[in-house]
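Dear colleague,

I am passing on a structure that I would like you to look over when you have time. My notes on it come after the structure itself.

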Amino acid sequence: EEPPGAAPVDFLQELPSCQSARRRRGGTRERPPAPPGSAARALLQETAEQAARPAREAPLTIAEKRRLRGSQQAETQRLSRWKKWRRTSSKSLKKALSEVKGLSSYLVLWRHDIHSIQGKFGTGIQSYFSFLRFLVLLNFIIFILMFSFVTLPTIISKYGIFNSTIAYISPKDIEDSCRIYEPSGNKGLIYFYTYIKDLCSGTGFLEMTSLFYGYYTVDAVWISIMRYNLPLAYLLATFAYLALSFLWIIKRSVEGFMQNLVHDADPFQSYCNKVFAGWDFCITDPNAARLKHRSLQYELQTDLQEEKLRQKIAERTTKEKLRIYSLRIFINIIVIAILLGCFYSIYRVTVFSQENSNVSIRNDTRTDSVNLFVQYLPSMVITLANFIGPLIFLFLIRFEDYTPAFEIKLTLMRCVFVRLANIGVLLFSLWSQISNCGTDKCKPCGYNYKLYPCWESDVGQEMYKLMIFDFFVILAVPLFVDFPRKWLVTHSSCKLIQWFGQQEFGISDNVLEIIYGQTICWIGTFFSPLLPAIATIKYFIIFYVKKLVLIHTRKPAARPIRASGSNFFFLAVLLIGLILAFIPLGVSIVSIPSSKACGPFRNFNTSWEVIPDTILEFPTVLQQILFGMASEAFAVPFFMIICIVMFYFIALARAHKQVVEQLREQLVLESRDKAFLIRKITEAQR
Amino acid sequence: GAMGGSASLIPPDLLGEYQELTFLSKQEILLAYKRFSELLPKEERESACSARVPKSHILTLPELRANPFQHRICHVFSTSETGDDSMSFEDFLDMLSVFSDSATSDIKSYYAFRIFDFDDNGILDRKDLEQLVNCLTGQGEESRLNSAEMEQLIQNILDESDIDKDGTINLSEFQHVVSRSPDFASSFKIVL
């Protein structure tokens with residue numbers, strides 16, 4: 001085995017591959033020796049290839065690029081008119097596009113703020129703020145969607161603008177008792193305090209506004225002679241915003257992420273990624289640079305230690321493995337027990353809150369500050385669970401003896417699950433109350449119509465309360481925890497406080513907070529169409545609050561955060577939140593009977609029924625096609641074809657992988673051959 | 001903003017040419033001109049397009065002063081005949097173009113290779129990699145990795161990127177490994 005690199009270097013410099021690399025370098029300083037015959041032909045070929053690419057993509061100095069462009073233009077003179085026209089038109093198109101891009105860069109929200117954060121804190125933290133900006137835009141677009149297709153026609157018809165009227169179709173075969181719905185509104189002498197209370201809990205005057213589902217008790221809207229099917233529009237707008245969010249998130253996550261299916265190595269953990277792409281060239285602050293150096297050193301050392309640890313783990317004895325696995329199972333059981341405890345307490349609190357608010361608010365116009373507390377009890381318990389859960393998980397994971405990288409991932413997954421499952425449990429307990437028919441109360445309408453004549457508005461109110469409370473907590477924590485802590489650390493010299501120290505900007509916690517809020521928004525928009533507007537304003541304010549907190553109270557994290565890794569992580573968790581939001585929405589649209597006293601779906605059994613009803617009005621041929629697509633005769637062959645296509649692609653990927661492995665082996669052999677031959681030549685020359 | 005007085009100091013045909021030959025937009029070129037002429041003494045500001053700025057002045061730019069690769073960057077982009085690494089305005093534009101958002105990843109990886117090639121021999125060998133890692137971890141004695149860790153790290157890097165197993169990384173291997181690196185495009189970026 002000859003050691004690599006033992007061959008003399010000067011011979012290597014004359015190889016054709018080195019010559020072409022040097023030629024591509026260009027530059028005015030290194031003039032390569034006059035190329036012999038065959039090399040000159042290769043050079044001409046290369047310039048001919050380069051003529052196809054624009055000058056600025058060549059790795060040369062500006063002076064060299066000018067010369068290249070001159071030779072390209074000389075070439076174009078010799079081309080046919082068609083090709084000339086094509087080239088000039090593509091050039092002017094590119095110029096126009098770059099002008100448009102330059103102008104539109106001024107319209108980007110918060111461009112300067114994010115740029116300065118990037119300069120001082122690096123791209124890891126900057127990606128969090130870019131993510132916030134993305135959510136503001138997403139919520140704004142969802143709001144525009146719901147507003148223009150649902151709220152605007154309703155408002156237009158209720159006020160009779162543009163000669164529009166509302167058509168109320170009286171439902172058949174439905175008992176009159178189901179249709180009684182009188183929101184308490186504002187009757188009699190009302191104190192100012194009631195308005196604040198109503199604003200906070202969504203009852204009272206707010207319940208009758210376009211914020212909640214109950215306002216949209218409209219069966220069709222006639223604008224002059226056109227009929228606008230509002231129930232269908234409501235359902236389709238819901239599907240549209242879900243689909244839009246889904247597609248936009250996927251598009252964003254694919255953009256920055258280069259997946260390598262051929263090599264199994266994890267692209268985020270590779271050493272090459274950490275070393276070659278390790279330094280953030282946008283850092284402008286010397287302090288930030290110093291911290292970045294330290295965090296890079298720490299990260300590299302930790303990774304090297306982790307590698308040694310992994311080797312140690314692979315050498316574990318069977319007895320040790322048994323011990324560790326049983327310990328892990330035990331701890332997972334504890335984790336599951338804690339989660340079940342959380343869920344049960346949320347269930348009980350929700351039931352308690354619903355029962356007590358029903359009693360004291362519906363039948364009694366007496367207002368009490370205790371009632372507000374009872375109303376917000378579910379939100380408070382959820383926030384408490386979201387706060388305590390992660391602390392417990394952090395404590396427990398130390399006993400499970402995983403590698404540090406896996407520990408972080410597992411804790412994160414558990415925290416995500418806790419946060420999202422809490423919302424699910426809340427909704428489940430709400431539904432159990434709504435369908436709770438103790439003594440025959442549900443038979444006429446399918447749900448508990450006495451307590452919940454308009455149950456969608458109630459769910460909307462719960463989502464509204466969750467959102468308001470979440471916003472309140474995000475504003476209160478910096479005010480009552482972070483700024484006092486910073487003040488204490490800078491002004492007191494007590495050892496205990498200094499040891500506590502300033503808090504780091506924990507990106508994962510902040511991101512999970514935001515995703516929790518966004519999941520609430522997605523679920524709640526069906527029940528409360530103006531909720532995205534509140535979410536937009538909320539994230540807008542949160543941006544400035546978090547920026548203040550970051551600049552004034554945080555010290556940058558010791559563990560470095562990679563920009564692309566974090567981007568992908570944010571979007572992946574957001575996608576999980578979206579998919580989890582599909583479930584409650586799907587259940588309530590398809591299987592829970594819609595309320596007969598309010599809302600656009602009064603005349604249908606469930607909200608989903610609008611669609612089959614509309615299809616029945618289509619021409620017969622179209623009907624048959626659509627019903628055919630939904631039947632088994634179509635679905636089973638379709639599924640089989642999709643499976644076959646998927647297997648084909650898997651086989652193709654496997655074949656490609658084999659070819660790549662073979663080529664790599666071949667390259668290694670070629671390099672050894674080259675070194676061997678050069679050594680032989682050097683020996684022969686002596 | 002960057003516009004205003006400086007707009008009149010670059011002739012428009014030269015501005016159009018720079019837009020065509022670099023990846024920078026018009027606003028970015030004008031901002032670069034403004035920052036470049038601030039580095040010159042007052043008398044030379046009129047002829048900024050043809051003046052050369054010594055390396056020490058370039059290194060006072062905030063974008064470069066905290067960068068551990070500042071000397072390599074000046075060396076790679078400078079077209080100075082005397083080898084003193086001074087930069088003209090066109091060199092400065094070249095540098096900003098490579099580090100801009102819209103530069104292709106080919107160009108970025110090519111220049112990254114040249115910046116990391118500390119001894120300028122066209123390949124990244126063990127000495128280059130060791131100097132690279134020391135640049136990343138900082139300049140003090142206590143911030144360097146010890147020799148065992150350095151050995152392990154360099155061996156890992158070579159295992160991942162040296163395809164033909166000759167103990168060095170050439171340009172194509174470097175471009176191949178960097179094209180699979182998710183962080184490269186976002187970290188190899190300087191915006192004024």
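This is a predicted model: local features need pLDDT of at least 70, side-chain atom pairs count only at pLDDT 80 or more; totals for chains, interfaces and linings use all residues.

Residues are numbered from 1 along each chain as its sequence is written, chains are lettered from A and ligands numbered from 1 in the order in which they are written, and side-chain values use heavy atoms, with hydrogens and water left out.

In chain B, 79 residues are in contact with 66 residues of chain A (heavy atoms within 4.5 Å). The two chains bury about 6,200 Å² between them, 57% of it on carbon and sulfur atoms; buried area here is the accessible area (1.4 Å probe) lost on putting two parts together, summed over both. B:L21, B:L136 and B:P182 supply 12% of the area that chain B buries against chain A, more than any other three residues.

The rule finds six salt bridges across this interface (a side-chain nitrogen of Lys or Arg within 4 Å of a carboxyl oxygen of Asp or Glu). In one of them, B:D94 pairs with A:K65, and the closest N and O atoms are 3.5 Å apart.

Both residues also belong to the contact of α4(A) with α6(B), which is made by A:I62, A:A63, A:K65 and A:R66 on one side and B:E90, B:L93 and B:D94 on the other. Helices are DSSP runs (H or I, at least four residues) numbered from the N terminus.

Definitions and conventions:
Helices (H or I, at least four residues) and strands (E, at least two) are DSSP runs, numbered from the N terminus.
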